[in-house]
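My entries are below, in the order I made them.

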Amino acid sequence: MKQDPMTDAALSDALPRTDFLGHPKGLYVCFFTEMWERFSFYGMKALLLLYLIKYHRFSDDHGYNLIGAYGGLVYAAPVFGGLVADRWLGMRKSILLGGVLLCLGHFAMAVEGHPARVVDGVVMRDTRALQVFYFALALIIVGVGFLKANVSTLVGKLYAEQDPRREAGFSIYYAGVNLGGVISGVLCGWLGETFGWGYGFGAAGVGMLFGLATFVYGQRYLLGRAEPPDAPRLRERLLAGLSRETWIYVATFGGVLVGWQLIQRHSLMLDVPGLPQMSAVLWGMHAISVVLLGWIAWFLIFRCNRVQRQQMLVLLVLIVCCLVFFTLYEQTYGSWLLFSDRVMNRETNLFGWHYEWTAGQLTSLGSLFILLLAPILAWLWPRLDRLGINPSKPMKSALGLIVAGLAFLVLVWSARHPQANGMTALWCFVLAYFVLEVGEMLLSPIGLAAVTELSVPSVMGVMMGAWWLGTAYSEVLAALLGKLSAIQLPEDGAIVVADALAKYDALFVYSAKIGIAAGLLILLLTPLLKRGMHGAK
């Protein structure tokens, strides 16, 4: 088994000379890089479904299909990004490559073209602008693939294996993710829905430029933990006299072209004899999953000892927890977004201040609550650990799933108790977001820490990719669930609020059952999973 190039002892010796506020300075480089990356990502995502339906006149079903395909591909791509970083490029170069692609993609999103119009009952769309739009999404998909998994992995690499600060570090890092989400939802959502979609998407591109500049400046604080594993091999000349590194960049552009073709076929179903009908995107994700799971099975059997094998199996269970949780969570950019846009009173009157929020702006609520919760939990977990009562990772994951289910019950109550004008209350929506984010803080940063703690070091990037592949499936499943509440909009865009509420009510009840049932199951399995972790917390 390939060993980590720096021992834990050596790393621990290095940490005190590079600490800031009790954590490695490299953590704050990752914090601000990911903050701006998530600013651009969530700023675009807050507008995406609304843009498709309101500007390009996609139906609800096709809008959900596209955001599901995009979300699936954008979170499947880190499987390849992690693999390339582990074997050839290293995390630093992979993050830089991803940052450049993301800047290009977000600025390309600002090309709106002409709004769709209905002529004799037929929707006429600007096909050239849509091709630019699909290509922009492909750039973002591949860019996230290189940046997302490797920044998360790099955070774990900055800590020694048994460093008790690791979970707190991931909670701080997670706060950076959500600081970007707060700013982007408010700013990009306001710009896009008030002044024009291109302004919102363009602001997301500017944010990504700041993220790329932050990482370029902060590379010196990464403790040498992000360099290529074999630099001479990366410089080897291959076909046409080009280096291995150059061919990686050529292949990356080929991946963008493949993504460009896949994403515009979001609603095209393929028939394979004897198998269910599925989209090209889902077939591609299944192919990635089969290869990845086959490789993981081979690695578990032939390259792991008993302890490593059991720890990796526990990690796979935690990845499944992530899949279920984010199937519920990602509805915030689907069914929750349309729920707030169509059937909710978004006006606030607080201490004489009156404001009507846009639906896109309200997506920032999740990130806002994460920011409020992160410092509390960053303090709480080490304190509970010192007292010997810190819940295990499986226990936290189980509780996170149950709490996520409860968030949907808040929305069920809201849908069944509308205001006098028939619309639902904004403050119930705010409460549902708060409950959901408590669940996220119990599950997601803890799960990311588990990937860096339970993985065999030589395959940490691949296992982080597996974590994001679980998230990829959750995007597809969230879109599939969202379609249960799809509404056929008349040409004038008017809807019957009571009928819409009935559809959202049924969807939210179903989602609540999924979260609570899955959480109870993991709760029952927690003793077994704890034994399989072999002392890892």
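**Ground rules**

I note that this is a predicted model, in which local features need pLDDT of at least 70 and side-chain atom pairs count only at pLDDT 80 or more, while totals for chains, interfaces and linings use all residues. Residues are numbered from 1 along each chain as its sequence is written, and side-chain values use heavy atoms, with hydrogens and water left out.

I take helices (H or I, at least four residues) and strands (E, at least two) as DSSP runs, numbered from the N terminus.

**Entry 1: helices α2 and α4**

I looked up how α2 (residues 25-54) lies against α4 (residues 127-157). Their axes come within 11 Å and cross at roughly 150 degrees. The axes are lines fitted to C-alpha atoms, for helices over the stretch in contact, and angles run from 0 to 180 degrees between N-to-C directions. The two helices are therefore roughly antiparallel; the word applies to angles over 145 degrees, with under 35 as roughly parallel, 65 to 115 as roughly perpendicular and the rest as oblique.

I also noted that the crossing of α2 and α4 is left-handed. That term means that the near helix is turned anticlockwise from the far one by less than a right angle; clockwise would be right-handed.

Which residues make the contact? On α2 they include Phe-41, Met-44, Leu-48 and Tyr-51, and on α4 they include Leu-137, Ile-140, Val-144 and Leu-147. Contact means heavy atoms within 4.5 Å. I sorted the residues of this contact into 15 nonpolar, no polar and four charged. In this sorting Ala, Val, Leu, Ile, Met, Phe, Trp, Tyr, Cys and Pro count as nonpolar, Asp, Glu, Lys and Arg as charged, and the others, Gly among them, as polar.

**Entry 2: Phe-201**

I found Phe-201 in helix α6 (residues 197-218). Is Phe-201 buried or exposed? Phe-201 has a relative accessible area of 0%, so it is buried. Buried means under 20% relative accessible area, exposed over 50%, and partly exposed in between (1.4 Å probe, protein chains only).

Leaving aside neighbours within four places in sequence, I list Met-44, Leu-47, Tyr-51, His-106, Met-109 and Ala-110 as contacts of Phe-201. Met-44 and Tyr-51 are also among the α2 residues in the contact with α4.

**Entry 3: helices α10 and α15**

The axes of α10 (residues 306-329) and α15 (residues 426-454) come within 10 Å and cross at roughly 150 degrees. These helices are therefore roughly antiparallel to each other, and α10 passes α15 in a left-handed crossing. The contact includes Leu-318, Cys-322 and Phe-326 of α10 and Leu-436, Leu-443 and Ser-444 of α15. I count its residues as 14 nonpolar, three polar and two charged.

I then looked at Ser-444, which lies in α15. Ser-444 is buried, with a relative accessible area of 2%. Not counting residues up to four places away in sequence, Ser-444 touches Tyr-174, Phe-326 and Trp-467.

**Entry 4**

Strands β7 (residues 347-350) and β8 (residues 353-356) run antiparallel and are joined by four bridges. Two strands pair if DSSP finds at least two bridges between them. Asn-349 stands opposite His-354 in β8. The strands form a hairpin with two residues between them, and Phe-351 in the turn has a positive phi of about 50 degrees.

Thr-348 is in strand β7 and counts as buried at 5% relative accessibility. With neighbours within four places in sequence left aside, Thr-348 is in contact with Trp-353, His-354, Tyr-355, Trp-357, Leu-426 and Trp-427.

**Entry 5: loop residues**

Arg-57 is in the loop between α2 and α3 (60-108). Arg-57 has a positive phi of about 55 degrees although it is not a glycine, and counts as partly exposed at 33% relative accessibility.

Asp-120 is in the loop between β3 (117-119) and β4 (122-124). Phi of Asp-120 is also positive, near 55 degrees, and at 77% relative accessibility Asp-120 counts as exposed.

Where does Gln-488 lie? I found Gln-488 in the loop between α16 (460-482) and α17 (497-533), and at 63% relative accessibility it counts as exposed. Gln-488 and Asp-61 are 427 residues apart in sequence and 8.7 Å apart in space, C-alpha to C-alpha.
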